[in-house]
Amino acid sequence: MLKRLLASREVILLGAIGVLLALIATRFPGFVTPANLAGVFNDTSPLILLAVGQMIVILTKCIDLSVAANLALTGMVVSMINVAAPGLPIVVILLVAVGLGTALGMINGLLVWKLAIPPIVVTLGTMTIFRGMIFLLSDGKWVNSHEMSDAFKAFPRAQVLGLPMLSWIAIAAVILFTLVMTRTTLGRAFYAVGGNPHAATYTGLNVGKTQFWAFAISGALAGLTGYLWVSRYAVSYVDIAGGFELDVVAACVIGGISIAGGIGTVGGALLGALFLGVIKNALPVVNISPFWQLAISGSAIIIAVAFNARANREKGRIILKSAEHTA
Amino acid sequence: MIRRNFTKLLAGVSLATSFMGTTAMADDTMRIALVVKALGIGFFEAAAKGAEEAAAELGNVEVIYTGPTDTTAEGQIEVINSLIAQGVDAIAVSSNDTDALVPTLKKAMQRGITVISWDSGVAPEGRQVHLNPSSNPLIGNMIIKLAADHLPDGGEVALLSATTTSTNQNVWIEEMNKVMGNYPGIEVVATVYGDDLADKSYREAQGLMQSYPDLDAIIAPTSVGIVAAAQAVADAGKIGEVNVTGLGLPSEMAGAIESGASKSFAIWNPIDLGYSATMIAYQLASENAVAEPGATIEIGRMGSITLDDTNAAAMADPFVYDSSNIDQFKSIF
């Protein structure tokens, strides 16, 4: 039991994060203080939220490259709503963000399900379309901090039991989706559809429909993150979170989610996101030339993936022992 | 990034009708056309205000503020052709394309019309004078001056730039380093790069405050970086300890000025720009000045400019925005 636990990917990744933190602490001891680690977790929360959604999509043999654009579009819409109606309660803003994000995710899902277009093509297309829509909506203008209402900006920063709301939302999402993935039929269907689509079809699962729901969930989380993002950075414009979809996919891959589908856990996505988050937050303080920083984060991703690939390799099963010996 | 923002701003064009001169003109009135990238943009509306101010000061000048309804060179060519047909005395243009306007503007000059470009220039053969809002040395000096002005006893400052390869930012930082000797006691402790991404700039600003607990100012010569740094300082509760300054747009920085995270920042002033462009056009058209390298042209309250080898000149230091004037400008651009 203990051996199996030690060999599990999550434990190895947790160990890697520990080693990373220890290394950083030798150069900048202040990094490992509880307050700073809480700050790192808070900063990584948007990545965690998106990585959980992306994990579900990847489980079903799909990929969602439109998450960052979905985030930016939802963020722009809610901030424009806030400018137009500053008195609107935050609950409504949250509902709009989740609702719009889900709708955008469903567009991806429908195209994949009904038209059977490869997901990478669909989401590349919608990624550009969403960014274009932001431009049309905003006329290319920014929504700035002084135009947003105080309540709009305060929500993710509100402290509850010592942690900001942004962190709590990430924690809640991790718990919720751990339950969904392990305890519900839909959650198990995601694994089944990605692990072996043919077998899933024979057991009566609709592969396309399951993928549709995966995109809807990913969209909902992206929409929610959209509001949190514009509110946290107190600015909204066309390019926010540009290129962030790649970080999200990287977090999933580091977290041991198989790009081929069917393998992965919410815990893995969480740890993958945290691994990247620690690197992103540590690089500015460990006094490494900015010219090296990109190379370092890139290497970390490749090392993690190479490690995962090795760990993933299954030994071939020998079914004819005698034949092997004679050969 | 600042340039990119303007371009984005330019794309947002409201409908506007062109109003071409049907007014009867007295012979002694000089008509100067201010041709902008597109109508309906706050930045250029402000420049037009400056042009009107210059016209009022000069007395016998009528300003025709015009431009296409979208930011295309074709649109500007049409507008300029119509101005040539009307026989205006001078054209001052902020162009949408360096080269495309040249043939049309040459035609205008052949008809004896004074042609200058301002803000966004045209190639030297297409104009007599080009007016830049500022110059690299002036900007380099301004960004460190903004920080130093609030640090009479010296202190530690850090730079938050765009990407490591941004030409503009690198040139400004280089120019800044040349004049560091004029600001004794000010020490630049680090230069970091936020890649013009809000989240990375925010994180880099946080990193600066952690690595340098005695940091007094963050200088961000980029519009994304300065906004993100101001937010990071506000979130870290360091308003008053760390002053964020650099180059930004009033509409984007109004919140940071209000919260106190930024005491002041700079960018060119569109009103001064329109004023100066009109003054130059007037001086050339009335033959009070000639357009040749080394020539000096008086531009009213803005002082004077000296033309360089390509007949281009820099107007002035970037204009400083702080709590006293931010409300006036935040709705303009």
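1. B:Val35 stands opposite B:Thr66 in β2(B). This is one point of contact between strand β1 (residues 30–35) and strand β2 (residues 61–66) of chain B, which run parallel and are joined by six bridges. Strands pair here if DSSP finds at least two bridges between them. Strands are DSSP runs of E with at least two residues, helices are runs of H or I with at least four, and both are numbered from the N terminus. The path from β1(B) to β2(B) goes through helix α2 (residues 42–58) of chain B, and this β-α-β crossover is right-handed. That is, with the strands pointing away from the viewer, the path from the first strand over the helix to the second runs clockwise.

2. The model is predicted: local features need pLDDT of at least 70, side-chain atom pairs count only at pLDDT 80 or more, and totals for chains, interfaces and linings use all residues. Residues are numbered from 1 along each chain as its sequence is written, while chains are lettered from A and ligands numbered from 1 in the order in which they are written.

3. β1(B) also pairs with strand β3 (residues 90–93) of chain B, in the parallel sense, over four bridges. B:Leu34 has B:Ala92 as its bridge partner there.

4. Six of the six residues of β1(B) are buried. Buried means 20 or more other C-beta atoms within 10 Å of the residue's own; exposed means 12 or fewer; partly exposed lies in between; C-beta atoms are placed from the backbone. In a regular strand the side chains alternate between the two faces of the sheet. Both faces are covered in β1(B): B:Met30, B:Ile32 and B:Leu34 lie on one side, B:Arg31, B:Ala33 and B:Val35 on the other.

5. B:Gln86 belongs to helix α3 (residues 73–86) of chain B. B:Gln86 counts as partly exposed because it has 14 C-beta neighbours inside 10 Å.

6. Helix α10 (residues 270–285) of chain B is mostly covered, with 16 of its 16 residues buried. Its end C-alpha atoms are 22 Å apart, in agreement with the 22 Å that 16 residues should span at 1.5 Å a residue. The expected span is 1.5 Å times one less than the number of residues. Just after α10(B), B:Glu287 takes a positive phi of about 60°.
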